Amino acid sequence: MKKIKLVEITGKKFVLEPRYYFFGWSKSSKILGRQSAIVALSKAEKLLPAGYKFKIWDCFRPREVQIAMVDSFKKRLRVMHPAAPPKQLKQLVERYAGKVPPPLKIERLDTHRNGGSFDLTVADDEGRELYMGTDHDDLTPKAATDYFEKIKGLTGLEREAKKNRRLLAKTLTQAGFINYKEEWWHWSWAK
Ligand SMILES: [Zn+2]
């Protein structure tokens, strides 16, 4: 089995907000990630305009946190879609939370499970997030990365979100990261 080396991401280079710790899903306030993915993210950050940083919500996600997340998203989605049949609800949960992986299984590198995916946004020099149109872990079609690219007659605020999502995408794509198209905040490093 491949060994994955995880290291702590420090607040020196990045702005950190360990949300799943705040939610009580994780016992640790540390955000861990795979070394090579963190190095790649540091390089990507240098491509941001001066004074801007990445703000990270999550990277390595232990199985117990994934279980708590699936459970919570299931509740949220059930309330949001009261008429949805179980099959559709299951599809929605998998779209936004993924699946609970089998214990000890190491599969692809570009996953939270292996510390190769980041949930992140861009923050200014005072740590304020740029406006992206939705919060992290929004469970609606608005979370799709290209949502604002596809609709006409954007409001001023929506144009702002489109511009800021483009900045995040341009920077990370240029550095070799791959986006999950249903979530503007989810970016993976596969190497
Ligand atoms: Zn993610």
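Guide: Let's start with helix α3 (residues 63-80) and helix α4 (residues 86-97), whose axes come within 9 Å and cross at roughly 130°. Helices (H or I, at least four residues) and strands (E, at least two) are DSSP runs counted from the N terminus, while axes are lines fitted to C-alpha atoms, for helices over the stretch in contact, with angles from 0 to 180 degrees between N-to-C directions. This is a predicted model, where local features need pLDDT of at least 70 and side-chain atom pairs need 80 or more, though totals for chains, interfaces and linings use all residues. Residues are numbered from 1 along each chain as its sequence is written.

At that angle, α3 and α4 are therefore oblique to each other (under 35 degrees would be roughly parallel, over 145 roughly antiparallel, 65 to 115 roughly perpendicular, and the rest is oblique). The α3 and α4 crossing is right-handed, meaning that the near helix is turned clockwise from the far one by less than a right angle, with anticlockwise being left-handed. On the α3 side, the residues that meet α4 are Met69, Val70, Phe73, Lys74, Leu77 and Arg78. Facing them from α4 are Leu89, Leu92, Val93, Tyr96 and Ala97; contact means C-beta atoms, placed from the backbone, within 7 Å. The residues of this α3 and α4 contact split into 9 nonpolar, no polar and 2 charged (nonpolar is Ala, Val, Leu, Ile, Met, Phe, Trp, Tyr, Cys and Pro; charged is Asp, Glu, Lys and Arg; polar is the others, Gly among them).

Now over to the sheet. It is an open one of 5 strands, in the order β2-β4-β5-β7-β6, with mixed pairing; two strands pair if DSSP finds at least two bridges between them. At the edges sit β2 (15-16) and β6 (178-179), each pairing on one side only.

Follow β5 (residues 117-123) for a moment: 7 of its 7 residues are buried (20 or more other C-beta atoms within 10 Å of a residue's own; 12 or fewer is exposed, in between is partly exposed). Cover comes on both faces, with Ser117, Asp119, Thr121 and Ala123 buried on one side and Phe118, Leu120 and Val122 on the other. On one flank, β5 pairs with β4 (residues 53-58) in the antiparallel sense over 5 bridges. Lying across β5, β6 and β7 is helix α6 (residues 156-174), which runs at about 130° to β5.

In β2 you'll find Leu16, which stands opposite Ile56 in β4. Leu16 is buried because 21 other C-beta atoms lie within 10 Å. Its contacts, leaving aside neighbours within four places in sequence, are Ile9, Gly11, Ile31 and Ile56. The C-alpha atoms of Leu16 and Phe54 are separated by 8.5 Å, and these two residues are 38 apart along the chain.

Two last stops. In the loop between β5 and α5 (147-150) is Asp137. Its phi is near 60°, a positive value in a residue other than glycine. Most residues other than glycine have a negative phi. Asp137 counts as buried because it has 21 C-beta neighbours inside 10 Å. Finally, look at Glu8 in strand β1 (residues 6-8). Glu8 is partly exposed, since 14 other C-beta atoms lie within 10 Å. Beyond its neighbours within four places in sequence, Glu8 is in contact with Lys30 and Leu32. From the C-alpha atom of Glu8 to that of Gly33, 25 residues apart along the chain, the separation is 6.4 Å.

How values were computed: Contact = placed C-beta atoms within 7 Å.
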